[in-house]
Amino acid sequence: MGRTSFASMSPLTDRILMGPGPCNPYPEAVEALGRPMLGHLDPEFVGILDETCERLRTVFRTRNALTLPISGTGSAGMEAAFVNVVHPGDVVVVGVNGVFGERMCDVAGRCGAEVVRVEAPWGEPIEPDALLQAHRSPAVIAVVHAETSTGVRSDIAPLGAGKGDALLLVDCVTSLGGIEVDVDGWGIDIAYAGTQKCLGVAPGLAPLTVSDRARDRFVERSASWYLDLRMIGKYAGAATGARTYHHTAPISMILSLHAGLGAVLAEGLDAAIARHQACGAALQDGLEAMGMELVAPQAHRLPQLTTVRLPQGVDDAAVRKELLERYGIEIGGGLGPFAGVAWRIGCMGHTARPRNVTLLLAALAEALGSAR
């Protein structure tokens, strides 16, 4: 059997990505991936990196000097957040109402923390008072702002107001750029996100911001060399001190993030958030008009990630396969207790457009009609 020529391989299909991520990236972010390669210490690239960090400060709504894109997906941002501030034996209170709260517990435990879990049922938000009262003097309080596995938003501002001496660590992977995030206003000490959701960029970077208060509590020697923010911070920008080589930055991804953030800020951050809200509301209204039940309570429902229960007797995999193969639309299946019970429908980044909502609702109605 002969070799397969790369030239003869079929091109990838152009999908409408309406799952839990990645979304369809902004055209500006796609175009930037093809720009000429620069060295990671080239003055021109360093200038773009600095601009990217400043744009991240704008979307995080912070003035934190240590604000940068971590080289890795959102999970790398999560790990960087924990391994730099959690000392062995520290008490870490974690809100758990889905997959990503569970992952926080796992990472904190690997750092040697005493993990105090505060649980809420899947599909419900974490109560701020429950987190604040879980331990008298935790080192860290950690929570997921927008739980991707359930489509639920938990309130953050009361945690910042009541955290006391604890550091407040927040997962903003699915929230940043899609709903309000106010790092400084809410008293968040460490926040991380991902590029592939509401920021409208391909997966590969984890925006992260760290307050001066949290930097003062960095462990002396992080268990992770690659994610050691003491070292990365010396490279990431002039605002953090003298620039020193740490690792080879993913140049093309940072160029793409710079461009994607530029698209968001040119639209206006508030306008981008309003667009996500309008598209999410239209999607959720349309699903309910079809007689479908939404999972998340209305007051804590994410516009950018909707969880909806499958109608009785519908084959989960068969419907998602038809949407993908016949219409080129991807939606996500449920995780954990929602596996085979609910779908996760994303409307994020460049995908968050009325035309995509209308197409998905029409395609889903046809797919459900043929499935019954």
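1. Asp-189 is buried (under 20% relative accessible area, with over 50% called exposed and anything in between partly exposed; 1.4 Å probe, protein chains only), as its relative accessibility is 3%. Its salt-bridge partner is Lys-163, with the closest N and O atoms 2.8 Å apart; a salt bridge here is a side-chain nitrogen of Lys or Arg within 4 Å of a carboxyl oxygen of Asp or Glu. Lys-163 sits in the loop between α6 and β8 and Asp-189 in the loop between α7 and β9, so the pair ties together parts 26 residues apart in sequence. Lys-163 is buried too, at 14%.

2. Before going on: this is a predicted model, where local features need pLDDT of at least 70 and side-chain atom pairs count only at pLDDT 80 or more, while totals for chains, interfaces and linings use all residues. Residues are numbered from 1 along each chain as its sequence is written, and side-chain values use heavy atoms, leaving out hydrogens and water.

3. Now helix α12, residues 316-327 (helices are DSSP runs of H or I, at least four residues, and strands runs of E, at least two, numbered from the N terminus). Its buried residues are Asp-316, Val-319 and Leu-323.

4. Arg-320 forms a salt bridge with Asp-316, at 2.8 Å between the closest N and O atoms. The two are four residues apart in α12, about one helical turn. Arg-320 is partly exposed at 26%.

Notes
The expected span of a helix is 1.5 Å times one less than its number of residues.
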